[in-house]
Amino acid sequence: MRHVVYNAFWVWNFDKEEKWLNEMAAKGLCLVSINGFRYEFEDCVPGEYTIKMELLKKSPKKPESKKYLEFLEETGAEFVGSFSNWVYLRKNRSKGEFELYSDNKSRVEHLSRILKTILYVLIMNFLAGALNIWILIQSHMFMNAVGVINIILAFIGIFGYVHISKKLKRIKKEAELFE
Amino acid sequence: MPNNALTEAVFYILLSLTKPMHGYGIMQNTEALSSGRVKLAPGTLYGALNTLLEKGWITAIADGNEDSRKKEYLITDLGKQVAHAELLRLKELYENGNKILEEEK
């Protein structure tokens, strides 16, 4: 049976999202498709799959990403779905544990990629917000919700940026001593 | 030859590829060689393989099976030189560690 669940996570809380998806899988609900906030699950044997999420460099539809996904499939992982450049992967427990990175260098690379994405969205929102508010001032309109929302999102983005930065700093420190 | 240390992942990949192997084979071989200590994760392995290909330390070879899109890799002469240089570095590390830490006991 299929179950649709709506849930929302900030991008910097991707580890919480991953944890939630694994908790669902442990209960016997395995992710089969994803579209924004809409998660679709199917009944499966509890604990049958481990779920991992990864932000790819390029869209999952691009050949570079496809090659990478094919490589992952050779190692027993399965592609479940994607949202923007995020891919959702799973691996059957019987095929062993599921990790994507085994050294600090690749963990740093992944987090840096997430950081860059947050920074980009943050700046875009800030610019859009500033522009919208400027238009508001120029045109003497009473309300410009769009501009305000953009600025609020930009500030929330700063929070996310700091959150990931701290995590990145921790791993980088660790990387000075261990691979 | 570079003076820097190779990563553990790179050294085990080079050792594995003295025989032609698929990505998954490298993961299994590395785990077996290190008695389960070193588990290469596919994301890390994929990045390392691409860098090694760019450097010319390994090469991609055609799989005998035409239906398969799986790629096999093999170490090059340059890759062997790098692995040998690493072995010398490790020997030095081992000998110095042994000399100083064991004599301290």
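# Reading the contacts in a predicted model

Modeller: Let's start with the rings: Phe9(A), Trp20(A), Tyr39(A) and Phe41(A) make up one aromatic cluster. Please keep in mind that this is a predicted model.

Biologist: Gladly. How many aromatic pairs does the rule give over all chains?

Modeller: The count is eight aromatic pairs over all chains.

Biologist: Let's take Phe9(A) and Trp20(A). What makes them a pair, and why is the pair called tilted?

Modeller: Their ring centres lie 5.7 Å apart, and the cut-off for a pair is 6.5 Å, so the two rings qualify. Their planes meet at 45°; stacked needs under 30 degrees and edge-to-face over 60, so this pair is tilted. The pair also links distant parts of the chain, 11 residues apart: Phe9(A) is in the loop between strand S1 (2-6) and helix H1 (14-26) of chain A, and Trp20(A) is in helix H1 of chain A.

Biologist: On to strands. How do you know that S2 and S3 of chain A pair?

Modeller: Pairing asks for at least two bridges, and strand S2 (residues 29-35) and strand S3 (residues 38-43) of chain A have six bridges in the antiparallel sense, so they pair. One of the contacts is that of Leu29(A), whose bridge partner in S3(A) is Asp43(A). The hairpin of S2(A) and S3(A) has two residues between the strands, and Gly36(A) takes a positive phi near 65° there.

Biologist: Cys30(A) is in strand S2 of chain A too. Why is Cys30(A) called buried?

Modeller: Its relative accessible area is 3%, and the limit is 20%, so Cys30(A) is buried.

Biologist: Now for charges. What makes Lys52(A) and Glu18(A) a salt bridge?

Modeller: The distance is 3.5 Å from N to O; the rule asks for within 4 Å, so the two side chains form a salt bridge. Lys52(A) is in strand S4 (residues 49-55) of chain A and Glu18(A) in helix H1 of chain A, so the pair ties together parts 34 residues apart in sequence. With relative accessibility of 15%, Lys52(A) counts as buried, and Glu18(A), at 12%, is buried as well.

Biologist: How does the salt bridge of Lys19(A) and Glu23(A) stand against the rule?

Modeller: Its N to O distance is 3.6 Å, and the cut-off is 4 Å, so Lys19(A) and Glu23(A) form a salt bridge. Both lie in helix H1 of chain A, four residues apart, about one turn of the helix. At 56%, over the 50% mark, Lys19(A) is exposed, whereas Glu23(A), with 39%, counts as partly exposed.

Biologist: What joins the two chains through Glu97(A) and Lys39(B)?

Modeller: The side chains of Glu97(A) and Lys39(B) meet in a salt bridge at 3.7 Å, N to O. Glu97(A) is in the loop between strand S6 (86-92) and H3 of chain A, and Lys39(B) is in the loop between helix H2 (23-33) and helix H3 (42-55) of chain B, so the pair joins two chains. Glu97(A) counts as exposed at 55%, while Lys39(B) is partly exposed at 38%. Over all chains there are 12 salt bridges, and Arg2(A), Arg38(A), Glu40(A) and Glu42(A) are linked in a network of salt bridges.

Biologist: Where does the charged end of Arg90(A) sit?

Modeller: It sits over the ring of Tyr49(A), 3.8 Å from the ring's centre; the distance limit for such a contact is 6 Å.

Biologist: Finally, which residues form the nonpolar patch on the surface?

Modeller: The patch is formed by Leu119(A), Tyr120(A), Val121(A), Ile123(A), Met124(A) and Leu127(A), with about 560 Å² of accessible area together. Leu119(A) is in helix H3 (residues 104-139) of chain A.

Biologist: Why does Leu119(A) count as partly exposed?

Modeller: Its relative accessibility is 33%, which falls between 20% and 50%, so Leu119(A) is partly exposed. A patch residue needs over 30%, and 33% passes that cut-off.

Notes. Residues are numbered from 1 along each chain as its sequence is written. Chains are lettered from A and ligands numbered from 1 in the order in which they are written. This is a predicted model: local features need pLDDT of at least 70, side-chain atom pairs count only at pLDDT 80 or more; totals for chains, interfaces and linings use all residues. Side-chain values use heavy atoms; hydrogens and water are left out. Patches are made of residues with over 30% relative accessible area and no salt bridge: like charges are joined within 9 Å, nonpolar side chains (Val, Leu, Ile, Met, Phe, Trp, Tyr) within 5 Å. Accessible areas come from the Shrake-Rupley method with a 1.4 Å probe; for residues, only the protein chains shown count as cover. Buried means under 20% relative accessible area, exposed over 50%, partly exposed in between (1.4 Å probe, protein chains only). Rings of Phe, Tyr and Trp (its six-membered ring) pair if their centres lie within 6.5 Å; planes under 30 degrees apart count as stacked, over 60 as edge-to-face and the rest as tilted. A charge sits over a ring if NZ of Lys or CZ of Arg is within 6 Å of the ring centre and within 35 degrees of the ring normal.
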